[in-house]
Each structure stands twice: as structure tokens, then as C-alpha cells.
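Here is a short tour to read with the model open beside you. Take a moment to look it over before reading on.

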Amino acid sequence: MSDWHPVGPEDELRDKGAAAVQIDGREVAVFWTDAGFRAVDDSCPHAGGPLSTGIACPDQGTVECLWHGWSFDLTTGECRTAPSDALVTHDVRTNSGQVEVRLRAEPA
Ligand code: FES
């Protein structure tokens, strides 16, 4: 069985810019950036704000949480506001016009 989960059509997700999806009961935010699709846990490490509704900056590959303004790199998960609170990132690929996500484990 494949670990890759289809989350939607590539052109639709690109037009939306950001979307919240659920994979195996886990909330995941998928973003379109200038460097391609990115997927992260849809829960801000600060206090659980939904990052899929945050302010995404596609050219910088970042998202800013709407709740208290923490900023994250969508590729590395690095938190630019509080470096010790990184975001869990997931693998993303496109396959026959579909965006697919492979979940990573929670950080230890
Ligand atoms: S919950 Fe995201 S910055 Fe506070």
C-alpha cells in the first residue's frame, strides 16, 4: 500500500493557494509556493492556530499564523519567530495532475 495520499487536483490547489485537508485523521495544510507545493501540519506549534488560514507568502515560501503572527518557512518548518518551535513538514509530489502528500512522523 502506498504512503502517498491524494489531496486534490494540482490546478485547483494552485489556484486556491492554500487548503486544509485531512489525512488519516491528521489535519494538514497544503500550500502553493513559487518553489512548488508544500505541506505542513495545520496546527501552529504556538497555540494551535490553523495555518491553512494564515497569510501565505508564495514568493518567500512562508506562512504567518493569524492568531499571534508567528512566521514559518514552509520548506524546512523553521519558525522565524521562535526557532525552538519548528513546524512538522510533510513530503509532497504531483502525480498525473493530483497533489499527493506523504506524512512524516511527529518530531521526537
Ligand atoms: S497560535 Fe499561531 S502564533 Fe499563536
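The notes below go from the overall fold to the core.

## Before you start

This is a predicted model, in which local features need pLDDT of at least 70 and side-chain atom pairs count only at pLDDT 80 or more, while totals for chains, interfaces and linings use all residues. Residues are numbered from 1 along each chain as its sequence is written.

## Overall fold

The protein has one helix and nine strands; here helices (H or I, at least four residues) and strands (E, at least two) are DSSP runs, numbered from the N terminus. Starting at the N terminus, the order of elements is β-α-β-β-β-β-β-β-β-β. The protein is as compact as a globular protein of its length, because its radius of gyration of 13 Å is close to the 13 Å that the globule rule gives for 108 residues. That radius is taken over C-alpha atoms, and the rule is 2.2 Å times the number of residues to the power 0.38.

Along the principal axes, the C-alpha trace spans about 35 × 30 × 20 Å. Of the 108 residues, 27% are buried, meaning that 20 or more other C-beta atoms, placed from the backbone, lie within 10 Å of the residue's own.

## The nonpolar core

The largest nonpolar core holds 22 residues, and A29, V30, F31 and A39 touch the most other members. Such a core is a set of buried Ala, Val, Leu, Ile, Met, Phe, Trp, Tyr and Cys residues joined through C-beta atoms within 7 Å. At least two residues of this core come from each of β3 (26-33), β4 (36-41) and β9 (98-102). The biggest share is from β3, with five residues.

Which residues is A29 in contact with, leaving aside its neighbours within four places in sequence? They are A18, A20, A39, V40, D42, L51 and S52, where contact means C-beta atoms, placed from the backbone, within 7 Å.

Methods:
Buried ≥ 20, exposed ≤ 12 C-beta atoms within 10 Å, placed from the backbone. Contact = placed C-beta atoms within 7 Å.
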